[in-house]
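Q: Hi! I'd like to go through this structure with you. Can we start with what sits inside?

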Amino acid sequence: MANAKLASLTPRQRDIYEFLKDKILNRGYGPTVREIGVEFGIKSPNGVMCHLKALEKKGLIQRESHMSRAIQLADKPHRATSLNLVGQVTNGHPLIAAKEGDSVDFMDVFGSGDHACVKIKDDSFGDDGIDAGDFVIIRKQNSCRDGDRVLAIVDGQKAVLRRYFTDSRGVRLEPLTSSKKAIHSAAVAVQGVIVGIVRKF
């Protein structure tokens, strides 16, 4: 059925569909009308909308009106960030099998927002349970709440992974879990809030 739908597309519609599919599967969300226009040299937003309406009418995409980046693939294949879920494990007990077809999309695990990651270069964060080679996932933002785990730049140069607090002395950056001393500084630039760690064995 999908092949029949693709066969009904014009060459331009097929190119736009492949562009949408690539962004949704590999970036995690669809492009805006403006991004599509820039990619294909379509100056008018109405011109882009005509192509999107055609793709929607042919059953290849779904759109939510009045929402940015609300384009979804109609067949909803697994994104590159999605893995099949085998089951749940408790040490020494039988594997509790997942339902067939269950999967986990790790971008959904990290929540909404614009994400990025940093790779840990050495064992300087070992006391906080973060090893060399780990990838720390952050949700990119320059503000946070007291208690949030953050990636921050201190005094314009030192990168740290710490818990963020404010007190009478300004900003206080506490270790994530260890007993290291807190850092006090009036020059703290939050780069993002830590939402996860990815480790490859």
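Q: Which residues in the largest nonpolar core touch the most other members?

A: Of its 18 residues, those are Y17, L20, I36 and L55. A nonpolar core here is a set of buried Ala, Val, Leu, Ile, Met, Phe, Trp, Tyr and Cys residues joined through side-chain atoms within 4.5 Å. This is a predicted model, where local features need pLDDT of at least 70, side-chain atom pairs count only at pLDDT 80 or more, and totals for chains, interfaces and linings use all residues. Residues are numbered from 1 along each chain as its sequence is written, and side-chain values use heavy atoms, leaving out hydrogens and water.

Q: How many residues does α2 have?

A: Helix α2 has 17, residues 11-27, and reaches 24 Å from its first C-alpha to its last. That is close to the 24 Å expected at 1.5 Å a residue, where the expected span is 1.5 Å times one less than the number of residues. Just after α2, G28 takes a positive phi of about 105°.

Q: Is Q13 buried or exposed?

A: Q13, in helix α2, counts as buried because its relative accessibility is 10%. Buried means under 20% relative accessible area, exposed over 50%, and partly exposed in between (1.4 Å probe, protein chains only).

Q: What does L55 contact, leaving aside neighbours within four places in sequence?

A: L55 is in contact with L9, Q13, I16, Y17, L20, L60 and I61. Contact means heavy atoms within 4.5 Å.

Q: New topic: at roughly what angle do the axes of α3 and α4 cross?

A: They cross at roughly 95° and come within 9 Å. That makes α3 roughly perpendicular to α4. Axes are lines fitted to C-alpha atoms, for helices over the stretch in contact, with angles from 0 to 180 degrees between N-to-C directions. Under 35 degrees counts as roughly parallel, over 145 as roughly antiparallel, 65 to 115 as roughly perpendicular and the rest as oblique.

Q: Which residues make that contact?

A: V33, I36 and G37 of α3 meet P45, V48, M49 and L52 of α4.

Q: Last one: where does K121 lie?

A: K121 is in the loop between β7 (115-119) and β8 (135-140). K121 is exposed, with a relative accessible area of 82%.

Technical notes: Helix = DSSP H or I, 4+ residues; strand = E, 2+ residues; numbered from the N terminus.
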